[in-house]
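Visitor: I have a structure to look at and a few questions. Could you walk me through it?

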Amino acid sequence: QVPLVESGGGLVQPGGSLRLSCAASRGVFSINAMGWYRQAPGKQRELVASDTDGGLRKYADSVKGRFAISRDSVKRTVDLQMSSLRSEGTAVYYCCAAWLDVGGNTRYEYWGQGTQVTVSS
């Protein structure tokens, strides 16, 4: 089984919206954090948004106010609502799930295969 299944990627016009979804398979062990990363052509992979147990959410400065992450710890799913999309948002978006220890260190993690988001007119 694929550990994380992503969906929702596609082509969208600048200023438009898109919603990405990710679900952890039954083969994934216990996790207490999920999030989204992205990698644009010629750039390093970067954290877009994450959500950890307790409701702690983090966003990249470049997406604050435009993107919203929502996680269901019971269903083990995470969504990323993207609004006011810009051309710079064109990238492969990857879902990530992990178990963090009490110090916030990653003990193990899982990755999705990635879903393409293209922002273009």
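**From one serine to the core**

Guide: Start with Ser 7: leaving aside neighbours within four places in sequence, Ser 7 is in contact (heavy atoms within 4.5 Å) with Arg 19, Leu 20 and Ser 21. This is a predicted model, where local features need pLDDT of at least 70, side-chain atom pairs count only at pLDDT 80 or more, and totals for chains, interfaces and linings use all residues. Residues are numbered from 1 along each chain as its sequence is written, and side-chain values use heavy atoms, without hydrogens and water.

Visitor: Why does Ser 7 count as partly exposed?

Guide: Buried means under 20% relative accessible area, exposed over 50%, and partly exposed in between (1.4 Å probe, protein chains only). Ser 7 counts as partly exposed because its relative accessibility is 39%.

Visitor: Which strand holds Ser 7?

Guide: Strands are DSSP runs (E, at least two residues), numbered from the N terminus. Ser 7 lies within residues 4-7, which form strand β1.

Visitor: What is the strand order in the open sheet of four strands?

Guide: Two strands pair if DSSP finds at least two bridges between them. β1 and β3 pair over four bridges, in the antiparallel sense. With antiparallel pairing, the sheet's order is β1-β3-β8-β7.

Visitor: Which are the edge strands?

Guide: An edge strand here pairs on one side only. That picks out β1 and β7.

Visitor: How many residues has the largest nonpolar core?

Guide: Such a core is a set of buried Ala, Val, Leu, Ile, Met, Phe, Trp, Tyr and Cys residues joined through side-chain atoms within 4.5 Å. Trp 36, Leu 80, Met 82 and Tyr 93 have the most contacts inside the largest one. Its count of residues is 28.
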